[in-house]
Amino acid sequence: MTERTSVYRIFWRLPLILWQGAFFVVPVAFLAVMTFWLVKNYRMEPDFILTNWEKTLGRGVFWDAYWLTLWRAALAAVIATAIAFPAAYTLAFRMSERTRRFALFCLIVPFFTSFLVRAYAWQVILAEGGPVNAVLGSIGLGPYVMLNSGFGAMVGYLTLVLPLVVIFQTWGLSAIDRNLIEAAWNLGATPLRTLVRVILPAARTGIFVGAIFAFILTFGDFVSPFYLGGSKPPTLSILIIDTTKSGQQWPRAAVVSMMMILTLFLTSAAALRIAYRGRG
Amino acid sequence: MTQNRLHLSRRTLLQGAASAALATPMINRAWASDPVQINMLAWYGHAEPDIVAEFEAANNVKFVPKYYAGGDNMLALISQSPPGTYDLILSDAEFVQQLNAAGYIEQMDASLYPFDDFYPEFQKFPGHWTDDTLWSVMVRYGLLGVSYNTDALTREEAMSYNAYWNPKVTGKVGHFDWHLPSLGQMSLLNGNKSPSPFDIDEAAWEAVKEKTLSLKPQIGGYFDYGGTFSNLKNGEMLAMVGIGDWITGVLRKDGAKVDSVIPEEGGIQWTESYSIGKGTSKTEIVNKFINYMLSPAGQVKSIQMAAYPGLSPTKSGWKAIQDANPDEAKRSGLIEGADNDPIKLFKEGRVFYRDTPKQQTLEDWNDFWSEYKSA
């Protein structure tokens, strides 16, 4: 019986194991090996040198880009989480099932178009002569520099992640047992106290998972900092492009990628641990 | 009977017409053999219909392009492909010797090309030859200088690279995100002309770095091809380092208020040249195409290429564009003695050939470029 159960379990787990092996473990292992390779006449040659790690991690440019990317990703995750919550709360508690389904569909619609196209649309909107500055100008404000700045990049990040964060939070909030909220009210808790002591802890998993996704997607995003932030200053994704563009230094770009993977792995693991703490 | 015959005839006619219509593609295929495929590695635009459609139709060939952006990108693509992958390679002149050193291109027979028709400045162009052996043939070139928004700067103000430091464009100066043209311009501003802005010693290199870093407060962003277009067009950037008429010429056709000038300190020449890919079996048709592009008709197409304009290295090309499109000839200076006549600029010693760094490595320049971007 135990043997049959074991075979049964392995059978159902096999697709995931094969998928992760073929499309995650093998490529990452290859990337790790590549970090020790040599580039000669624009061609990579298998080798075992530490130069790529030394040259990449020994440069201030890398660490500037690293901390900037980390900061922007964390900020985007926090802002997206904060902005998404009222919307998710309204969707979960104030709307009918039918309206909620329609609203969630509307949140998915932006993903029907390429993110690059949406970024180009933002270029027009945020330009100094664009509609936002035109509206602000009509009330005597501006013009403000929004494109090719950190603000522009942040607009791009939020365009990318906000709908996803709202969806995750809505799922998290919708799963809360309404009896708990009613019990809090019956026991005399104020709306704010109910929110802080009952709703937020109960929806913690959805909120954290949404924030993690926001962090992961913005940490690796190239389009927002390049097309809306003007590459100024460069993030890690832009540094990868720069590194490969000149001299075809793919091994050094692989070092940057490995550092990104490591960072995402550690932060995601920590965030998931917090999200699921006490849930068994 | 007559009716019957008529009815039959109509049906037969319709059936015949339908059969003919259905069979036509087969007949066409039977008549003409499949077109010969020419694999081209090039900057964007060189295998688009405005350039190659006529030649394809006349010679039953089909160009299959692989486009790249930048010489490094080109070298990477070719180094990762087996020999014979590309029949025709369009390269920036400064990368031809690297293609040659790596064995990616075939030696060319100089007698097959109309060098007599070339302006003397281009007949034995540096980088295309090793002694008397030819490796590449120039098909077009262009000049990089100060590109600016005509509402923000006057032509006189733009006549020096110091225009980038003009308070009128603070925060609105963009870089085409490639270190060679931008740092080459900074080198020219520092007076590094002999032998070349790219052949500078360590002291001059340090000075170029310092000068470049001083421009940082003026910079609004670093852009690729598309970003350069859109930011100049929408006025987000009022001056752009490292480009020239190849961008502003296209934008001006769209009505954008931008222009490019060759400043007093000098301009930088970009050059696009055809080489024959090592191991190709299509040398004959490739040579025919190169000659077609060097013919007056080919040069008229090249000068007016939809993706980005270029200048002609041949005398007959100048004559042809003057006849075919006098306005374009005037705009691009392809008229002997005109103010913007590129040959006149060469003779005045105001144009310098874009090159790879001679006394530093490409990596040195690129590393500094990354540092500058994050400064």
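Visitor: B:K257 and B:D151: buried or exposed?

Guide: Both B:K257 and B:D151 are exposed. The scale here is relative accessible area with a 1.4 Å probe, protein chains only: buried is under 20%, exposed is over 50%, and partly exposed is in between. Before we go on, this is a predicted model, where local features need pLDDT of at least 70 and side-chain atom pairs count only at pLDDT 80 or more, while totals for chains, interfaces and linings use all residues. Residues are numbered from 1 along each chain as its sequence is written, chains are lettered from A and ligands numbered from 1 in the order in which they are written, and side-chain values use heavy atoms, leaving out hydrogens and water.

Visitor: Fine. What do B:K257 and B:D151 form?

Guide: B:K257 and B:D151 form a salt bridge, with their closest N and O atoms 3.6 Å apart. A salt bridge here is a side-chain nitrogen of Lys or Arg within 4 Å of a carboxyl oxygen of Asp or Glu. Helices (H or I, at least four residues) and strands (E, at least two) are DSSP runs, numbered from the N terminus.

Visitor: And what does B:E157 pair with?

Guide: B:K168, in a salt bridge with the closest N and O atoms 2.8 Å apart. B:E157 sits in helix α6 and B:K168 in the loop between α6 and β8 (173–176) of chain B, so this pair ties together parts 11 residues apart in sequence. B:E157 counts as partly exposed because its relative accessibility is 28%. B:K168 is partly exposed too, at 46%.

Visitor: Why are B:K209 and B:E206 separated by about one helical turn?

Guide: Because B:K209 and B:E206 are 3 residues apart in helix α8 (residues 202–214) of chain B. Their side chains meet in a salt bridge at 3.2 Å, N to O. B:E206 is partly exposed, with 41% relative accessible area.

Visitor: How many salt bridges over all chains?

Guide: A search of the whole structure finds 25.

Visitor: Switching topic: how is chain B divided into domains?

Guide: Domain 1 of chain B is 36–142 + 271–343, and domain 2 is 143–268 + 353–374. Those bounds come from an automatic or database domain assignment. The domain centres, taken over C-alpha atoms, are 25 Å apart.

Visitor: How many residues are in contact between domain 1 and domain 2 of chain B?

Guide: 20 residues of domain 1 touch 17 residues of domain 2, where contact means heavy atoms within 4.5 Å. The two domains bury about 1,500 Å² between them, 58% of it on carbon and sulfur atoms. Buried area is the accessible area (1.4 Å probe) that two parts lose on being put together, summed over both. On the domain 1 side, B:E94, B:P309 and B:R331 supply 34% of the area buried against domain 2, more than any other three residues.

Visitor: What does B:R331 meet in a salt bridge?

Guide: The side chain of B:D245, at 2.7 Å, N to O. The count between the two domains of chain B is 3 salt bridges.

Visitor: Now chain A. How many helices and strands?

Guide: Chain A comes to 13 helices and 2 strands. Of the 280 residues of chain A, 43% count as buried. The C-alpha trace of chain A spans about 75 × 75 × 30 Å along its principal axes.

Visitor: What does B:K373 form a salt bridge with?

Guide: A:D242, with the closest N and O atoms 2.7 Å apart. Chain B and chain A have 5 salt bridges between them.
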